[in-house]
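Please open the model in a viewer and keep the sequence panel beside it.

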Amino acid sequence: MEKRVDHVVTRPGRRDGDPDVQIPVAEDLTTVPGIPLRETDLSFYSRTYPQETQNIEKAADRQWVWTVYSPEMSEYRKAHNDISEPLIDAAAVSGDLEPTGTPTGKDATEAIRRKARELGFGEVGFTKYDRRYTYTSKRHWTKYEHAICLALEQNYVQTQSLPGMDAERAHFGTYEIEGALLLDLADHIRELGYHAQVHSPNDNSAPYIPMFVAAGLGQLGANGQLLSPHFGSRARLAIITTDAPVTYDQPVDYGIHQFCQVCQVCVNRCPGRALVKEKVWWRGVEKNKLIYERCRPVMARYDGCAVCMKTCPIQRFGMPAVMEHYVTTGQVLGKGTHLLEGYTFMEKGYFGPGELPLFDRSFFEIPHGRNEEWLFQQFKEKLVKEGIPSQEELVGFARDVKKIIDKGNSTLGDE
Ligand code: SF4
Ligand code: SF4
C-alpha cells in the first residue's frame, strides 16, 4: 500500500562528482532528526559513569579471541596489526603538529569537504566534537572542538560473502586505506593553516556514531551500526578534529529510527541472538541495545560474523531504493528473500530466511571485563570451590596481577 511522504532528504551522490540523490521518508517512519535524546541524562551519565573503550573495559575477551581464531585469521590479523601500527602512531601525535600554511580566517568547511571527497570518503560531515562521549583514557588527548566525520566505503562484493576471510580482508583492508587517507587529509588542513588531530579508527577516542548522527550522515540502526544513505553500515568510520573555522551540519531524519522497528531483518537473522527488537533508553539515548556477550563469541569464532551488516537492506540496496520501495509498497525491500537474508555460516552450512545456527550454552562462556577483573573472578571461583589456596598459588596469583599492572592498558583495537 502506498504511503504518504512526509519529507524528502537530498544528499550528495555516492562518489565525488555523482549527482545528488533524493530519499523520500514516509509519514509513518518520521520521528526526530538524528536520534531521540535526553540531554540531561546524557550529561549525567557521561559525568557520573564515563565510558571507557572496549579495548580496556573488555580486554579479557579481546585477548581471548586470539585463542579461538582460525590459523588463517590469526596470521591475517597479525599482518594487519603490523601495517596499522605506524598509521596509529602517526595519528596519535597528529594533533601536536603545527599548521604549515597561513589561515585566511574564512570558513574552511567546503575546502575540507571537497578534499575529503576527492580522497574517496563517501560521507563527510561537520559537528561539534562532543566530549561527553570521550573515553576516560582519551580525555587528556583530544584537543580541538570541531569534528569532521569521515566514512570510507568497504567493498560491496567482498562484504556480501561474509562471514569469511574475504569479507574480513575488505573490513580490515578498508581500515588500512582509511588510516593513510586520514593523515593526508590532516596534512591538507594544516596547509590551510589549521591544526588537525586524527582519531584513528583503530584507536578510537570515543564511540563515533553519535557524532556521525549529529552531522546528518545517517541514523543508528537496530544492528548497532550507522546506516548511511549509500552504503548503510558497510563503511569504516573515523574522525578528525580541528580548530579550523567550520559550519556544522545538522542531524537528519531519514526514517531509520522507525524503519528498523518495521524491518527487524538483522534482529531475526543474528546467529548469536544478540540483537534486541525493543528499543530502550540507554545513557540518555533511545536505541536497540546490542548484547555484547552474545555477539562476541560468534564474531570471534566465525571470522567476524557481521551477518547483521550483510542482511541489512540499507547496506545491500542503499537507502534511496529501500525508502522508495517502502513508500510505494509499504514493504521492506528484500525481506524474506534468500538474496537478502540467506548466509552460509562456515562449517554449519547455509541458513535461509527463518533458519538460524544453534550453539550450546558453553559456546557463550567467555572471559569478561578487564584482564585483572577476569583474574580476580577466576580466583574467587577457585576459592569457593577449593578453599584457601597454597602459598605457592597465592604468590602465582599476585605475580599475574602485577604482570597485568606493569603491562598497562592498551587502547588499540578494531571496532
Ligand atoms: S556480528 Fe553476528 S552475532 Fe554479532 S550482532 Fe551481528 S549478526 Fe549478531
Ligand atoms: S536490517 Fe533492518 S532493522 Fe536491521 S539495521 Fe538494517 S534496516 Fe534496521
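Throughout this tour, contact means heavy atoms within 4.5 Å. This is a predicted model, in which local features need pLDDT of at least 70 and side-chain atom pairs count only at pLDDT 80 or more, whereas totals for chains, interfaces and linings use all residues. Residues are numbered from 1 along each chain as its sequence is written, chains are lettered from A and ligands numbered from 1 in the order in which they are written, and side-chain values use heavy atoms, with hydrogens and water left out.

**Stop 1**

Select T127 first, in strand β3 (residues 123–128). Helices (H or I, at least four residues) and strands (E, at least two) are DSSP runs, numbered from the N terminus. Beyond four places in sequence, T127 touches E145, H146, A147, C149, M211, A214, A215 and Y248. Is T127 buried or exposed? With a relative accessible area of 8%, T127 is buried; that term means under 20% relative accessible area, while exposed means over 50% and partly exposed lies in between (1.4 Å probe, protein chains only).

Now extend the selection to the sheet. Its 4 strands form an open sheet in the order β3-β4-β8-β5, with antiparallel pairing; two strands pair if DSSP finds at least two bridges between them. At the edges are β3 and β5 (196–199), each of which pairs on one side only. From one strand to the next, the twist averages 25°. For such angles, axes are lines fitted to C-alpha atoms, for helices over the stretch in contact, and angles run from 0 to 180 degrees between N-to-C directions.

Within this sheet, display strand β4 (residues 146–153) and strand β8 (residues 235–242), which pair in the antiparallel sense over 8 bridges. E153 stands opposite A235 in β8.

**Stop 2**

Step back from α7 to P163, in the loop between α6 (156–160) and α7. As background, most residues other than glycine have a negative phi, and most peptide bonds are trans.

**Stop 3: positive phi values**

Two loop residues come next. Q264 is in the loop between α9 (256–263) and α10 (265–269), and its phi is near 65°, a positive value in a residue other than glycine. The relative accessible area of Q264 is 5%, so this residue is buried. Then select R283, in the loop between β9 (280–282) and β10 (285–287). Phi of R283 is near 55°, and R283 counts as buried at 18% relative accessibility.

**Stop 4: helix α11**

Select helix α11 (residues 292–301), where Y292, C295, R296, P297, V298 and A300 are buried. These buried residues pack against α2 (54–57) and α3 (59–68). Just after α11, D303 takes a positive phi of about 40°.

**Stop 5: M309**

Move to M309 in helix α12 (residues 307–310). M309 counts as buried at 5% relative accessibility. Leaving aside neighbours within four places in sequence, M309 is in contact with Q154, T159, Q225, S233, R234, R236 and Q315.

**Stop 6**

Select strand β1 (residues 5–11) with β2; they run antiparallel and are joined by 6 bridges. V9 stands opposite I23 in β2. Why is strand β2 (residues 21–26) described as largely enclosed by the rest of the structure? It is so described because 5 of its 6 residues are buried.

**Stop 7: helices α16 and α17**

Finally, select helix α16 (residues 371–386) and helix α17 (residues 391–407), which pack at an angle of about 165° with their axes 9 Å apart. That angle makes α16 roughly antiparallel to α17; angles under 35 degrees count as roughly parallel, over 145 as roughly antiparallel, 65 to 115 as roughly perpendicular and the rest as oblique. The contact is made by N371, E372, L375, F376, F379 and K382 of α16 and by E393, L394, F397, D400, V401 and I404 of α17.
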